[in-house]
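The tour goes stop by stop, with something to select at each one.

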Amino acid sequence: MTFSMEQLVIDNDIIKMAKKVMEGVPVSEETLDIESIQKVGIGNNFLALKKTMKLVDYPSSPMLINRQMFGDWEHAGSKDLATVAHEKVVDVLKNHVVPELDAEVLENMKAVVENADKAFRDSR
């Protein structure tokens with residue numbers, strides 16, 4: 001069996017986006033932007049509008065997935081998702097600091113382990 005830390009961070013990004021979508025998408029004059037619909041016209045390219053690019057992350061705001069226009073993405077180095085995920089894994093392994101557990105929580109965890117160990121020993 002194999003495990004990919006890169007796939008783990010990609011899956012984390014997808015789950016985070018899905019959870020944000022489940023919160024609902026704001027509907028307002030700004031997000032509907034009827035003026036742009038009238039200007040561009042139905043069936044035409046809204047992705048080229050600065051306002052569309054500004055609002056594209058409203059429903060999800062991914063950490064890894066790049067939503068730049070193709071030319072901008074290409075100019076920025078055209079890194080694929082696997083490469084970006086690998087860089088994130090390297091960064092986390094190098095820089096992540098695990099916060100200390102509260103002393104009471106740690107004591108409770110130790111008690112659970114000790115009880116489990118005792119129950120195992122007594123069952124023999």
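The stops below run from the whole chain down to single side chains.

**Ground rules**

This is a predicted model, in which local features need pLDDT of at least 70 and side-chain atom pairs count only at pLDDT 80 or more, while totals for chains, interfaces and linings use all residues. Residues are numbered from 1 along each chain as its sequence is written, and side-chain values use heavy atoms, with hydrogens and water left out.

**Stop 1: the whole chain**

Show the cartoon. The protein has seven helices and zero strands. Helices (H or I, at least four residues) and strands (E, at least two) are DSSP runs, numbered from the N terminus. Read from that end, the order is α-α-α-α-α-α-α. The protein is more spread out than a compact globule, because its radius of gyration is 23 Å, well over the 14 Å that the globule rule gives for 124 residues. That radius is taken over C-alpha atoms, and the globule rule is 2.2 Å times the number of residues to the power 0.38.

Now turn the C-alpha trace along its principal axes. The spans are about 75 × 35 × 30 Å. Of the 124 residues, 12% count as buried. Buried means under 20% relative accessible area, exposed over 50%, and partly exposed in between (1.4 Å probe, protein chains only).

**Stop 2: two distances**

Select K19 in helix 1 (residues 5-22). K19 is exposed, at 55% relative accessibility.

Next, select A111 in helix 7. A111 is partly exposed, at 32%.

**Stop 3**

Where does D33 lie? Find D33 in the loop between helix 2 (29-32) and helix 3. D33 counts as buried, at 13% relative accessibility.

Show the side chain of S36 as well. A polar contact of 2.4 Å joins it to the side chain of D33. A polar contact is a pair of N or O atoms within 3.5 Å; within protein, one must be able to donate a hydrogen and the other to accept it, and residues adjacent in sequence count only if both atoms are side-chain atoms.

K51 lies in helix 4 (residues 50-55) and D33 in the loop, so the pair ties together parts that are 18 residues apart in sequence. K51 is partly exposed, with a relative accessible area of 31%.

**Stop 4: the other salt bridges**

Side chains of opposite charge can pair when their charged atoms come close. The rule here asks for a side-chain nitrogen of Lys or Arg within 4 Å of a carboxyl oxygen of Asp or Glu. The count comes to three salt bridges.

Select K79 and E87. Their side chains form a salt bridge at 3.0 Å, N to O. K79 is partly exposed at 39%, and E87 is partly exposed at 37%.

Move on to K118 and D122. Their closest N and O atoms are 2.7 Å apart in a salt bridge. Both residues lie in helix 7 (residues 103-122), four residues apart, about one turn of the helix. K118 is partly exposed at 45%, whereas D122 is exposed at 53%.

**Stop 5: the aromatic pair**

How many aromatic pairs does a search of the whole structure find? The search finds one. Select F70 and W73: the pair is tilted, because the ring centres are 5.4 Å apart and the planes stand at 45 degrees. Rings of Phe, Tyr and Trp (its six-membered ring) pair if their centres lie within 6.5 Å; planes under 30 degrees apart count as stacked, over 60 as edge-to-face and the rest as tilted.

Both residues belong to helix 5 (residues 70-75), three residues apart, about one turn of the helix. F70 is exposed at 55%, while W73 is partly exposed at 23%.

**Stop 6: a nonpolar patch**

Switch to a surface view. Colour V27, L32, I34, I37 and I42: they form a nonpolar patch with about 530 Å² of accessible area together. Patches are made of residues with over 30% relative accessible area and no salt bridge; like charges are joined within 9 Å, and nonpolar side chains (Val, Leu, Ile, Met, Phe, Trp, Tyr) within 5 Å. Accessible areas come from the Shrake-Rupley method with a 1.4 Å probe; for residues, only the protein chains shown count as cover.

End on I37, in helix 3 (residues 34-40). I37 is partly exposed, with a relative accessible area of 35%.
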